[in-house]
Amino acid sequence: GSGLADGFNPCAFALLVLFATYTLTLVNAVTADGSPTPSARRTLLGAGSLYVGAVFITYFLIGLGLFSFLSWLGEDHLVARVAAVVALLMAVWMLKDVFLPGWGPSMAAPSGTHGWMNRAMQRGGLAGMLLAGVLVGICTVPCSGAVYLSIITVLHASGGGPVGLALLALYNVAFIVPLLIFLLAVSNRRVLGTLGRWNKANGAVVKSILAFGVVAMSFGLLLSM
């Protein structure tokens with residue numbers, strides 16, 4: 001459930017909209033009614049699958065690194081408490097971005113992300129799509145890091161081990177499910193526009209829900225240890 005919720009993160013969706021828009025423009029095979037030709041749709045879905053796959057691998061490896069680092073620090077409850085406090089502070093920062101957007105730095109993807117993505121995709125081919133996915137996997141962390149860290153802290157506090165690794169992998173599979181559904185939908189430019197407008201209008205609400213979820217998990221961890 002947490003993976004699915006994190007997959008609806010406004011940052012990830014906004015970057016996927018950018019990817020889909022660029023790809024539809026690149027293939028230059030959109031008909032007058034706004035629907036791409038079968039060839040264009042196959043191109044979009046094939047390139048998009050590489051892109052989402054690279055996001056999954058990058059995001060999973062980042063989580064694996066954090067999970068391994070906490071395991072290296074030991075099973076002491078102090079480690080889990082510190083991680084929970086960090087996740088709580090990140091959640092408060094997310095809420096600050098929603099309610100006080102002009103105050104201080106924002107927890108968002110770096111401002112140059114769109115430019116980096118465009119340059120990666122302009123390289124074309126397998127390498128370009130994979131590089132774009134890796135960049136998004138890395139750049140999404142500032143936006144969704146609070147949710148991710150809180151889940152990794154829960155897994156660590158629960159004992160970690162092979163079960164923890166399996167659950168971490170499951171979380172990341174759930175994380176990309178909304179992106180895959182979204183990818184299927186954006187093969188139509190009109191749907192792309194509708195979803196883009198929805199994301200812009202509801203991004204703050206989604207971000208607030210995720211932040212309050214992290215606050216609840218963080219307090220739950222702190223009170224249970």
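Author: Accessible areas here come from the Shrake-Rupley method with a 1.4 Å probe. Please also keep in mind that this is a predicted model.

Reader: What does the accessible surface of the protein chain come to?

Author: The figure is about 10,600 Å² for the protein chain, and carbon and sulfur atoms hold 74% of that surface.

Reader: And how many helices and strands does the protein chain have?

Author: There are 9 helices and 0 strands in the protein chain. Read from the N terminus, its elements follow the order α-α-α-α-α-α-α-α-α.

Reader: What share of the residues counts as buried?

Author: The protein chain has 225 residues, and 45% of them count as buried. As for contacts with a separation of 6 or more, 80% are made by residues 24 or more positions apart.

Reader: Let us look at one helix. How far does helix H8 reach from its first C-alpha to its last?

Author: Helix H8 covers residues 161-185, which is 25 residues, and reaches 37 Å. That is close to the 36 Å expected at 1.5 Å a residue.

Reader: Where in H8 does the kink lie?

Author: The kink is at valine 177, shortly before proline 178, and amounts to about 25 degrees.

Reader: Which residues of H8 are buried?

Author: Among them are Leu168, Tyr171, Ala174, Phe175 and Ile176, as well as Pro178, Leu179, Phe182 and Leu183. Gly164 and Asn172 also belong to the buried residues of H8.

Reader: Why does asparagine 172 count as buried?

Author: Asparagine 172 counts as buried because its relative accessibility is 0%, and the cut-off for buried is under 20%.

Reader: Which residues is asparagine 172 in contact with, leaving aside neighbours within four places in sequence?

Author: Asparagine 172 is in contact with Phe56, Tyr59, Phe60 and Tyr148.

Reader: And glycine 164, is it buried or exposed?

Author: Glycine 164, also found in helix H8, counts as buried because its relative accessibility is 4%. Apart from residues up to four places away in sequence, glycine 164 touches Phe67 and Leu155.

Reader: Now the surface. Which residues form a nonpolar patch there?

Author: Phe99, Leu100, Trp103 and Phe212 form that patch, and together they have about 510 Å² of accessible area.

Reader: Where is tryptophan 103 found, and why does tryptophan 103 count as exposed?

Author: Tryptophan 103 sits in the loop between helix H4 (77-99) and helix H5 (113-122). Tryptophan 103 counts as exposed because its relative accessibility is 59%, and the cut-off for exposed is over 50%.

Reader: What about serine 106: where is its place?

Author: Serine 106 is also in the loop between H4 and H5. With 43% relative accessibility, serine 106 counts as partly exposed.

Reader: Which residues does serine 106 touch, not counting those up to four places away in sequence?

Author: Serine 106 touches Trp93, Lys96, Asp97 and Pro101. The C-alpha atoms of serine 106 and lysine 96 are separated by 8.2 Å, although the two residues are 10 residues apart along the chain.

Reader: One last residue. In which helix does glycine 53 lie?

Author: Glycine 53 lies in helix H3, residues 38-73, and is partly exposed, with a relative accessible area of 26%. Glycine 53 and leucine 180 are 127 residues apart in sequence, yet their C-alpha atoms are 9.6 Å apart in space.

Note on methods
Residues numbered from 1 in each chain as written. Predicted model: local features only at pLDDT ≥ 70, side-chain atom pairs only at ≥ 80, totals over all residues. Heavy atoms only, no water. Patch = residues over 30% accessible without salt bridge, like charges linked within 9 Å, V, L, I, M, F, W, Y side chains within 5 Å. Salt bridge = Lys/Arg side-chain N within 4 Å of Asp/Glu carboxyl O. Helix = DSSP H or I, 4+ residues; strand = E, 2+ residues; numbered from the N terminus. Buried < 20%, exposed > 50% of the residue type's maximum accessible area, 1.4 Å probe, protein only. Contact = heavy atoms within 4.5 Å. Expected span 1.5 Å × (residues − 1). Bend = angle between axes of the 7 residues up to and from the residue.
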